Amino acid sequence: MYRLFLAARYLLSRPINLLGIGGVTLGVWALIVVVSIFSGFLRVVGEHVRSASADVSVWFLPDSARFHDLQTAIDEVPNVAACSPRLVHFGLLNRPGETPPPPPLLGRGAMQGGDTPFVSVLGVDPDLDRKTTALDAWLVAVATELRVKDLQKPLARIDGLPAILLGEERMARSGLRIGDKLALSTGRVERGEGGGRSLVQVTGEAIGGNRQDAPVFVVAGAFHTRHTGYDGNTAFVHIEDLRAMLSLPPDAVQEISVKVEDPADTEATADRVQRAVRRELGFERGQFQRAPLAYSWHERHRGFLEGVEWQRALMKIILIVIMVVAAVLMYATLSMMVAEKTSDIGILCALGGSPRGVMTVFLSCGLSITAIGIVLGTVIGCLSAIYLEEFRQFVLWLAGVDLFPVKVYNLDRVPHELDPLWILQVAGVALLVGAIVSALPAFRAARHDPLVSLRGS
Amino acid sequence: MNAPALSAHDVKKSYWLGKREIPILKGVNLAVERGEMVALLGASGAGKSTLLHLLGLLDTPTSGEIRFDGQPVHNFKVGARAKLRHQFVGFVFQFYHLIPELTAIQNVLLAAMMQKSVCQYWKERRTTRAAAEQILDEVGLSQRLSHRPAELSGGERQRVAIARALLQNPRVVLADEPTGNLDSETADDVMQMLFRINRERQLAFLLVTHNEDLARKCHRVVRLRDGMVVG
C-alpha cells in the first residue's frame with residue numbers, strides 16, 4: 001500500500017514532474033498526429049491515383065501491335081470487362097504564333113504538375129475509353145463554363161480542327177477557354193532507308209494544318225480527375241488525330257487500358273492479360289526482351305505510392321527523437337527525485353520497507369508519469385488529428401496563415417487516418433521507454449544504503 | 001523463565017576500509033526485558049548507533065547473534081527482516097525522519113501501510129485511522145493531524161515520530177538520541193512522555209543518549225566504550 005501511496009504523494013507534490021508528463025504527452029501526440037496525417041494523405045493520394053487510372057494498363061507494345069487483334073485476345077481473358085486503345089506522346093503546348101517555351105527542368109514533380117507547358121498527350125477513343133476509365137465522370141466534374149458541349153463526343157472536331165481536353169486547373173491557370181487554339185510542338189522518330197533513326201518535327205499537315213507549322217488543336221473543354229499531377233500533365237486528343245499526326249498505320253496502338261469485373265482479382269487478371277497479349281503478338285514463353293507488360297493500377301504507381309509511404313516511415317523515425325528527448329527529461333526528473341528522497345529511503349526501511357519496496361515507489365512514479373503522458377498524448381493526439389482541419393480554418397481566419405495548403409495537393413481538407421494498431425504501438429513503445437528510464441533511478445534508490453540516509457542527517 | 005524481548009550475544013561488527021578492517025563492536029552482550037527502559041550511554045564513535053541498527057535488523061552483525069524473544073533473527077533474509085522489523089521494532093531518531101510531503105497523521109499511518117496490500121489496508125482503513133488519531137492524541141497532537149512537518153515545531157515533530165513508532169504496537173522501541181535535537185524544556189516533555197508510555201504500555205525501550213541525568217532515570221544504564229559494554 002505504501003508504495004502506491006508514496007508514489008502518488010511524490011508525484012502530486014513535485015511540479016517538475018509535469019515536465020516529464022509534458023515530454024511524454026508531446027512525443028505521443030506528435031507520433032499520432034503526424035503519422036495520422038501521412039496515413040490520411042497516403043489513402044487520399046491512393047484514391048486520387050486510382051481515380052485517374054485504368055484497372056490494368058498494357059505497356060511497351062511493339063510498333064506492329066494492332067488494337068483489334070489484341071482486343072479479341074484480351075476480351076477472352078477471364079475477369080476482363082472491356083479494353084480501349086491509347087497512343088502516348090509528349091509535347092509543349094503554346095498559343096499559335098508564340099514561341100514554344102523551353103521544356104521543364106528534370107525532376108519537376110508529378111504532384112505539382114500543370115505548372116509547366118510540357119504535357120503527356122494521350123490519344124484515346126472516347127467511345128471505348130469511357131468503358132475502361134471514369135472519363136464521363138471526369139468530364140462532368142468541372143466548372144460549367146469549362147464543360148465540353150457534347151459529352152457523348154467530347155473529342156469531335158471543331159471547325160475542322162482536332163479537339164483537345166485539358167485538366168481544369170491548367171485551363172484556369174493559363175486563362176484558357178473553350179474554343180481557344182493551342183499548338184503542340186513535338187517531334188517523332190523516323191526510320192531512314194538505311195535503318196537509321198532521326199527525329200523530325202511533327203507538323204499539322206495530316207490533321208488539317210499546313211506543312212510548316214506545329215499541329216493546332218481547339219480546346220473542347222476540361223476534365224477533372226482527383227489526381228492533380230495527372231490533370232496538370234495530361235492532355236486528351238482523339239486517337240485518330242494523333243495517329244494521323246504521327247503518321248502511324250490505322251489501328252496502331254501503344255497502350256491498352258483494361259477494365260476488370262472483380263477488382264479483388266486485378267493483379268491476377270493483369271498477369272493473364274500480359275500472357276494473352278504476348279501470345280497474340282508471338283512472343284515465346286520466357287522471352288522478355290521488349291515484351292509488353294501489363295500492370296495493375298497499383299503496380300503502375302507503386303513507386304509514387306511507396307515514395308509517400310517512405311516519407312511516412314522517415315517521419316516516424318524523426319518523431320521518435322522527440323520520444324527520446326522526453327525519456328531524457330523523465331530520467332532527469334526521476335533522478336533528481338531519487339537524489340532528494342534519499343533521506344526517506346532510510347525511514348522507509350526502518351518502518352519495515354524492503355529495497356524492492358523502495359524501488360517500486362520510484363518505479364511507480366515513473367510509470368505513472370509515463371501512463372499519464374500516454375493517455376493525455378493519445379487523447380489530444382486523436383482529437384488534434386480529427387479536428388485539425390477546423391484548427392487550420394481557425395488559424396486561417398484568425399491570422400491569415402494557412403498551416404496546410406490543401407489545394408497544393410488537391411485536397412478538400414487536411415486528411416487523417418487514425419490507425420488503432422499504430423496508436424497501440426506508440427503507447428507500447430512509450431511505456432517501454434518510460435519503464436526503462438524509470439527503472440534506472442528506481443534501481444539506484446533500491447541499492448541505496450538506508451543507514452547512510454539515517455546517519456546522513 | 002521468559003526470554004528477553006531483545007538481546008545481543010557476542011555481537012561483533014566491522015567495516016572494511018579497503019583491505020583494512022575497522023572493528024566497531026567487539027563482542028557486545030546486551031538484553032532488554034519486556035517493560036524495561038534501558039539507557040545506552042557512550043561517547044561519539046563508541047558504536048551506539050551501530051548497535052541500535054543491528055538490534056533493529058537494519059544491518060547484519062559480522063558475528064554473534066541478535067534474538068527477538070529468544071529466537072535468533074540476525075540471519076534472516078532481507079524480506080523477512082523487514083517484516084520482523086515492522087512487527088517487532090519501533091524506531092525514533094534524533095532528526096525525526098518524517099516525510100515532508102505527508103501530514104502528521106499520514107506520517108503515522110505510513111507505518112500501518114508498510115506490510116499491507118491496498119485491499120487489506122482499505123478494509124481496515126477506519127480502525128487504522130482511529131488508532132492513529134488516538135496515538136496522536138496520546139502524544140498531545142490531536143489538533144495537529146493535518147499539519148505537515150514543516151508546520152510543526154521540533155518537539156511536535158518528534159512526537160509524530162514517536163506516534164509513528166507506536167502505531168504497530170511494537171515489542172521494543174529503539175530510540176537514537178530522541179531529545180538530541182530539542183531544547184531542554186521540550187526534551188523533558190518528550191522524555192516524560194516516553195516514560196509514561198513505557199509505564200502504561202509495558203514497552204521495552206532502548207534509549208541511546210549522551211545525557212547522564214536522563215540515563216539515570218531509566219531502569220538500567222549500559223555503557224559502551226570502544227565497541228564493548230563496560231558497565
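In chain B of this predicted model, an open sheet is built from 4 strands in the order β2-β1-β4-β5, with antiparallel pairing. Strands (E, at least two residues), like helices (H or I, at least four), are DSSP runs numbered from the N terminus, and two strands are taken to pair if DSSP finds at least two bridges between them. Strand β4 (residues 63-68) of chain B is joined to β5(B) by 2 bridges, and the two run antiparallel. Within this part of the sheet, B:Arg67 lies opposite B:Pro72 of β5(B).

The contact between the chains (heavy atoms within 4.5 Å) involves 25 residues from chain A and 29 residues from chain B. About 2500 Å² is buried between chain A and chain B, and carbon and sulfur atoms give 69% of this area; buried area is the accessible area (1.4 Å probe) that two parts lose on being put together, summed over both. Across this interface 1 salt bridge is found, the criterion being a side-chain nitrogen of Lys or Arg within 4 Å of a carboxyl oxygen of Asp or Glu. The salt bridge links the side chains of A:Lys341 and B:Glu101, at 2.1 Å from N to O.

Between chain A and chain B, 4 residue pairs are in polar contact, both residues being at pLDDT 80 or more. A polar contact is a pair of N or O atoms within 3.5 Å; within protein, one must be able to donate a hydrogen and the other to accept it, and residues adjacent in sequence count only if both atoms are side-chain atoms. On the side of chain A that touches chain B, α1 (2-13), α12 (342-350) and α16 (450-456) each supply at least two residues. The largest share, 7 residues, comes from α1(A).

The predictor assigns the complex an ipTM of 0.84 and a pTM of 0.73. The mean pLDDT (the predictor's confidence in each residue, from 0 to 100) is 88 for chain B, where 99% of residues reach 70 or more. For chain A the mean pLDDT is 86, and 94% of residues reach 70 or more. Over residues 107-114 of chain A the pLDDT is below 50, and this stretch has 19 contacts in the model beyond near neighbours in sequence.

Residues are numbered from 1 along each chain as its sequence is written, and chains are lettered from A and ligands numbered from 1 in the order in which they are written. Local features need pLDDT of at least 70 and side-chain atom pairs count only at pLDDT 80 or more, whereas totals for chains, interfaces and linings use all residues; side-chain values use heavy atoms, with hydrogens and water left out.
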